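Here are my notes on the model you sent over. Please read them with the structure open beside you.

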Amino acid sequence: MPHKIGIDARKLTDFGIGTYIEQLIRALAALETEHLFYLFVGERHRHHLDDLPDNFRVVVETSPVYSARELLMLSWRLFRLKLDLYHATHYVLPAVVPCRAVVTIHDIIHLLYPQFLPSPVALLYARRMIRRSLTKADRIITDSENTRSDLMEYFRVGGSNIEAIYPGVSARFRRRLSEAEIRAVIEPLGVTRPYLLFVGNPKPHKNLDRIVRAYARALSLGSFQGDLVCVGERGNRDFKIRERARQLEIEDRLKLLGHVDDEALPALYQGAELFLFPTLYEGFGLPVVEAMASGTAVITSSNSALKEIAEGHARLVDPLDVEKIAQAIAGLMGDPERRLELSRAGLERAEQFRWERTARQTLAVYEKALAN
């Protein structure tokens, strides 16, 4: 039986969550379901999804994410459209939900690392909204079993209505590029091979300062060629990272590219000798899976969802131990055969992360909520 389903897509181009939203919607569209989908997008994204089938309709919603206004405006939208189900993709439900509700909670880093939040008010908001979603939603989706366990432990709730569904990885990362294709992308960015790669946003839990320190230490442990290339917009944090590199006397070997187009990422991954992602906490760790799908050996953390995703397929380290990270970098840069082994293991693991599978499992959750 066809149903009217709303999906909050206002964070469509945000780093991380935006990838989840767009790829999930496109994968749902490819399933050719009979349901009618309403996609709530911001004004600047009104034409971003114009190529979807006729049963996907765009609704412009200008209320800001994480605002009091969204709680009221989205409630009005749900009433007006007479939806059967609403999918909140960023843990916040409207003030009133007159239909079945599914909420995706990607992680609870706000609660586990409150020192990274801008104010105590932000902590109270995150805690209250997540608890409210756990109470009010018919079904909860998490990106990993680790986040599911975090929710159950932190909020002391059962997990009968919480389901872990792994995100997928875009097909463009699986396509093997020629050496010429890689050079055509990376050289205009000022990058030459060999290099090590980090991809991440400016948030403190991405652990970039320790990564830079570990890279500098690795250079003293083993003689290897390769600059450290960092992708991701960092704003005023660039100054601190450059200053750290200057103190460590590696400023000529650190390249901060800032934001790059998504189309450039496959070449950057495939051109790298090693991908570094020893972050403090992840609800999933999409860059790790993208690097694996690209055939690049990975160093990542032995904690949170990263262990769940990468154990046995990457080199795991304690993200707080600069010396251990350095030893892992120096060891792998000096051992091409081991890097090749990890490349093959990562490719094997990446096969398990498909957006079609994510969409089918998400659609099954919708059906469970509707039949509740």
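**Notes on the predicted model**

1. Arg156 is exposed, with a relative accessible area of 78%. The cut-off for exposed is over 50%, so Arg156 qualifies. Its place is in the loop between helix H5 (145-155) and E7. The backbone deserves a look too: Arg156 is not a glycine, yet its phi is positive, about 55°. Bear in mind throughout that this is a predicted model.

2. Lys82 also carries a positive phi, near 55°, and is a residue other than glycine. The loop that holds Lys82 runs between helix H2 (68-81) and strand E4 (85-88). Is Lys82 buried or exposed? Its relative accessibility is 63%, so Lys82 counts as exposed.

3. Omega for the bond from Arg193 to Pro194 is near 0°. As background to these backbone points, most residues other than glycine have a negative phi, and most peptide bonds are trans.

4. Arg174 has a relative accessible area of 15%, so it is buried, since buried means under 20%. Arg174 belongs to the loop between strand E7 (162-164) and helix H6 (179-186). What does Arg174 touch, once neighbours within four places in sequence are set aside? The contacts are Val169, Ala293, Ala350, Glu351, Phe353 and Arg354.

5. Leu370 is in helix H14, which covers residues 355-370. With 19% relative accessibility, Leu370 counts as buried, because the limit is under 20%. Residues up to four places away in sequence aside, Leu370 is in contact with His3, Asp84, Leu85 and Arg100. For a sense of span, take Leu370 and Leu196, which are 174 residues apart along the chain. Their C-alpha atoms are separated by 47 Å.

6. Next, the second largest pocket. Rolling a probe the size of a water molecule over the atoms shows where empty space is left. The volume of this second largest pocket is about 310 Å³. How many residues line the second largest pocket, and which lie nearest its centre? The lining has 17 residues, with Pro204, Leu208, Asp209, Arg237 and Ile241 nearest the centre.

7. Which helices each supply at least two residues of that lining? They are helix H7 (208-221) and helix H8 (237-247). H7 gives the largest share of the lining of the second largest pocket, with 4 residues. By class, this lining holds 8 charged, 7 nonpolar and 2 polar residues.

8. Finally, the overall picture. The protein has 14 helices and 13 strands. Its radius of gyration is 21 Å, close to the 21 Å that the globule rule gives for 372 residues, so the protein is as compact as a globular protein of that length. Along the principal axes, the C-alpha atoms fill a box of roughly 65 × 45 × 35 Å.

9. Burial and surface can be read together. Of the 372 residues in the protein, 57% are buried. The protein exposes about 16500 Å², and carbon and sulfur atoms supply 49% of that area. Among contacts between residues at least 6 apart in sequence, 67% join residues at least 24 apart.

Note on methods
Residues numbered from 1 in each chain as written. Predicted model: local features only at pLDDT ≥ 70, side-chain atom pairs only at ≥ 80, totals over all residues. Heavy atoms only, no water. Buried < 20%, exposed > 50% of the residue type's maximum accessible area, 1.4 Å probe, protein only. Contact = heavy atoms within 4.5 Å. 1 Å grid on protein atoms, 1.4 Å probe; cavity = no way out; pocket = protein on both sides within 12 Å on 5 of 7 lines; lining within 4 Å. Points joined across faces, edges and corners; volume = space filled by probe spheres on them. Nonpolar A, V, L, I, M, F, W, Y, C, P; charged D, E, K, R; others polar. Rg over C-alpha atoms; globule rule 2.2 N^0.38 Å. Areas by Shrake-Rupley, 256 points an atom, 1.4 Å probe, with all protein chains shown as cover.
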